Structures are given as C-alpha cells and as structure tokens.
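Subject: Structure handover

Hello,

Here is the structure I said I would pass on. My notes on it follow below.

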Amino acid sequence: MADCKAGHTFRNWSRTLEFKPRRFCKPRTEERIVEIVQEARAAKGCVRTQGAGHSFSQLLPTNDTLVSLDDMDHDVMIIADGTEVNVSAGIRLKDLLPKLKARNLGLRNLGSITEQSIAGAALTGTHGTGIGLGSIPTQIIAARLVAGDGSVIDLPKGDPRLKAASLSLGALGILTRVTLDCVPHHKIDYNVYVGKFDHVMASLDQLVQENVRVLLWWLVPLFDRDDVIIITKNPPGHPVGLLGGAENRVTPPAGLKPTLKPTPLGKGLDAMMEALATQGLGSTGKFKKIWHMSGDYEDMLTLPLLPVFHTECEYAVPAANGVAAMNAFRRVVEENDFEIQLPVEVRFTAGDDLLLSPCNQGPVCYIGASPHGNTAEIFARFEPLMRDHGGRPHWGKHFTLTRGDIKAMYGAHYDAFVALRNTLDPDRVFANSFLTELFG
Ligand SMILES: Cc1cc2nc3c(=O)[nH]c(=O)nc-3n(C[C@H](O)[C@H](O)[C@H](O)COP(=O)(O)OP(=O)(O)OC[C@H]3O[C@@H](n4cnc5c(N)ncnc54)[C@H](O)[C@@H]3O)c2cc1C
C-alpha cells in the first residue's frame, strides 16, 4: 500500500538511535492500522509505533514495521461535561494545546516541551512538576487500541485495563484515541529564586508542600556550583510562603521581553540566565528572588526547543528520599570533573496507581542528569546511587536495568502488566528486543 514504504531511516531526537525498518507506514485510518497489524502478525513480524521519536531509550528500534500516526485525522471532540476531550492518540502536544485553548480548556500539567505526541508522552510516563499533580498518563480516562490480533478494543472510563494501557511503552497495542480529563485554560505566575545548595535542601520539603509546582535547576552555567535555582509556578495570587522572605532582586534587563516563549533559547533563556547571574547572589545564603513573569499555563510550564541534543538519565526516588539522593549525587559531582549538557533538574510528581508508573508507590522526586563528555561514567554512578535511594527510571530516558531489576521494582504490578500483555498481544506483535529483554 502507498502508505507503507521501504528505505526509511529513523533517528530519534537526540540522534542516539538510528535504524532502518523494513517498512515505514503512515496509515490514515484505523482500518489501515488493523490491516498493518494483521499483515505483520501473519508474517510473524513486529510493529513498533512511534510518536515524535523523542525518547532516549530503545523502545522503538525494529527491523520490521514502524508505524507513525502523523497522517491520521487529528480531530478533537469534547465528549462529556465540557472537560472530557477525545483526541487522536498521535496528535502532538503542540497541536493539541491550541485546540484545547480555543475551547477554553487545558491539560492539568505538562512536561517541559510540547513536541511529543499525547500517546508517546503518556506511554512512557512523561511528567512535569507538582507534588499534587499526576504525570501525563494519569490524565487519560479512556482509550482505544488495536491489539495484537488486529481487534479494536475500547477501554472505557473505569476499565481496570487502563492502569496498564495508559503507560504501556507501546507494548500492548497501537493506541488510536485517548480521552483526556481536562481543566479550564488557566494562567500561571512564574517566579525564580536562587539559594545555596544546603539551604535549599533544608527547605525543600516546605517549598514542595507550599507551592503547586516547584522545580530546581542545579549546576546552571554562569552560576556557582553551590547555587540552586528554584522555580515556582503557581496560580496568580497563590500565597508565597517561605519564599515570601526572599530578597527581591528582580531587574529584568532592558530590551528583554518578560517571556521565554517568543525568543529562541539562544537569545531568550541565555539572556535571562546571564541577567540572573550578573545580579549576584551575595553571601548571606538566603533566597533571592531574581525573576518573575506570568502568562498562559502552556507557556509558563514549557521551554522553547532546546539547542543541544542532550542525553538524559532520570530517576524517580520516593519524595521523602529526594534530599538524601541529591546530597549523595552532589558528592559524586564534586569528586568528578562533572560537565553538563543541561542543568540537573529536580521535579516532583504525585503518586498514582498505574501498573508501570515510577510513581505508583507514592509521590516522587524526579532527578534528571544530562552530563557532557564522560556521560557513560556519570550514568554508571548515577543509576546505582538513585536505586540505593529507592529510585525507578523514567521509561523514555537512558537506563540499563535488566528484567530481574524491573520485576523486583514493580513486583505484583509487573506480573499484572505481563498478564494483560499475554491477553492483548500473545504473539508479541508489538515487541522488539528491548521489550523482550524487560518483559519476555
Ligand atoms: C528535549 C526533551 C525534553 C523532554 N522533557 C521531558 C519532560 O519534561 N518530562 C518527561 O517526563 N519527559 C521528558 N522527555 C521525555 C519524553 O517526554 C518521552 O520520551 C516521550 O515518550 C516522548 O514522546 P514521543 O511522542 O516522542 O514518543 P516516542 O519516543 O516516539 O515513543 C515513546 C513510546 O510510546 C510508544 N508510542 C507512541 N505512540 C504510540 C501509539 N499511538 N500507540 C502505541 N504506542 C505508542 C512508542 O512505541 C514508544 O514505546 C523529554 C525528551 C526530550 C527529547
């Protein structure tokens, strides 16, 4: 069929994965997806489905069929009470968000970019920050997928299989539609502070509880190694709490628009960082407020496209272990000549009940490292250290765990996921060697 072609080369965003599938298919209809799956099954082949190809882990490589849903009709339908929205699973977040906004709707939370498809973002457990806010898959309340025998299966609201299908690594079938539980479109106040590492760590629990969203950037270029940037993202008028006592140093440089969005990172974010750094932190060790802006939630939660193809390893440790994990990682950083592609990022996510979610034992502190140069050596130290603190990896980022490791981490939830996979894809049509190593 014309929608499948040979000779395609897939490259992921970070250019760390490259492969040539036997055929690359861009179906326009669900009926064609069914045919593609049935063809592959009959030939004892495999099908992997890509979103935007932004994952770092080896979820996509296949020598058989690679499917993209980019040519499907990406309509958006409000289906119940004005906030439940049914969308094509392949729609990119950057295309979905304006469509929601036009209906005065938004998502509960976002990660830091909007290039991903909604399915790709959900199926790897993509998250933003906010101790009371779930990851992207927790916003899915119903779904529809094409299973391994080509049957089309609806997973309605309340269907227990959604606990696996919302974060499935694409191992259960091809998601064609999802229903999202949306919220009214909203504004966010964005404030930036700087504090000294020990002071920030001592205050972290309070900061996390007091702010709807808080994230940390550590090892920010131009800043001292002891400086930590604290970013809060709250509804306008939200009480400032502990940070209310921060010394105010906000003096946006002339000519810089008070938003990150309209300027490419090279001019916007770098200029902001330079301005922040040259304002100086002083030596008191107290918090300094160095920037603020406010605007639409999607602009305040996300960053412009990054100018570096970074490689990232990110672990979710139980929120209560976040400070200990950061202190332990700091010792590694201080002993090594640690160079970064992007600052170490610390974020928080609410607990959930999804079978393969790193957050399914309670709220977590995500710590992400993007080293430069000695990447392999730093990851080799970072991963065991995070695991010692009860950490579980982000499925879409770099990790080196074995099946035994994952089984031990997820216990009965792992078994329940594999049992459902045996039902929805007994012939392993949606497998590749990576998934087979991890799940059989
Ligand atoms: C610059 C950058 C910034 C990032 N920021 C964040 C962040 O802030 N927070 C965070 O948590 N993560 C972040 N990530 C990771 C990213 O969100 C995830 O890796 C996400 O999965 C990428 O989505 P995608 O659409 O590119 O999916 P892909 O990488 O293409 O696919 C991911 C998985 O989803 C499956 N899949 C995709 N579509 C379907 C479908 N329709 N049916 C079945 N399976 C499907 C694939 O088979 C694969 O297993 C970032 C990554 C990059 C490169």
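A search of the whole structure finds 28 salt bridges, a salt bridge being a side-chain nitrogen of Lys or Arg within 4 Å of a carboxyl oxygen of Asp or Glu. One of them joins E35 to R32, with 2.8 Å between the closest N and O atoms. E35 and R32 are three residues apart in helix α1 (residues 30–42), so about one helical turn separates them.

Some conventions before the rest. This is a predicted model, in which local features need pLDDT of at least 70 and side-chain atom pairs count only at pLDDT 80 or more, while totals for chains, interfaces and linings use all residues. Residues are numbered from 1 along each chain as its sequence is written, and side-chain values use heavy atoms, with hydrogens and water left out. Helices (H or I, at least four residues) and strands (E, at least two) are DSSP runs numbered from the N terminus.

Sheets

An open sheet of nine strands runs in the order β17-β18-β14-β16-β15-β20-β21-β19-β22, and its pairing is mixed; two strands pair if DSSP finds at least two bridges between them. The edges are β17 (247–248) and β22 (392–393), each with a single partner strand, so one side of each has no neighbour in the sheet. Within this order, strand β20 (residues 339–349) and strand β21 (residues 364–372) run antiparallel and are joined by eight bridges. E345 stands opposite G368 in β21.

Another open sheet has five strands, ordered β7-β8-β12-β10-β11, with antiparallel pairing. Here β7 (76–80) and β11 (152–155) are at the edges; each has a single partner strand, so one side of each is left without a neighbour in the sheet. On average, neighbouring strands of this sheet are turned by 20 degrees against each other, direction ignored. Five bridges pair strand β8 (residues 84–88) with strand β12 (residues 174–181) in the antiparallel sense. V85 has L180 in β12 as its bridge partner. Helix α2 (residues 93–102) packs on the sheet and touches β7, β8 and β12, its direction making about 50 degrees with that of β7. Contact means heavy atoms within 4.5 Å. Axes are lines fitted to C-alpha atoms, for helices over the stretch in contact, and angles run from 0 to 180 degrees between N-to-C directions.

Helix pairs

Helix α8 (residues 322–335) packs with helix α9 (residues 375–388) at about 160 degrees, their axes 10 Å apart. That makes α8 roughly antiparallel to α9 (angles over 145 degrees count as such). The contact is made by A325, A328, F329, V332 and E335 of α8 together with I378, R381, F382, L385 and M386 of α9. By class, these residues are eight nonpolar, no polar and two charged; Ala, Val, Leu, Ile, Met, Phe, Trp, Tyr, Cys and Pro count as nonpolar, Asp, Glu, Lys and Arg as charged, and the others, Gly among them, as polar.

Helix α8 also meets helix α5 (residues 197–210): the axes come within 10 Å and cross at roughly 160 degrees. The two helices, α5 and α8, are therefore roughly antiparallel to each other. F197, D198, M201 and L204 of α5 make the contact with V323, M326, N327 and R330 of α8. Five nonpolar, one polar and two charged residues make up the contact of α5 with α8.

Regards

Terms used: Angles under 35 degrees count as roughly parallel, over 145 as roughly antiparallel, 65 to 115 as roughly perpendicular and the rest as oblique.
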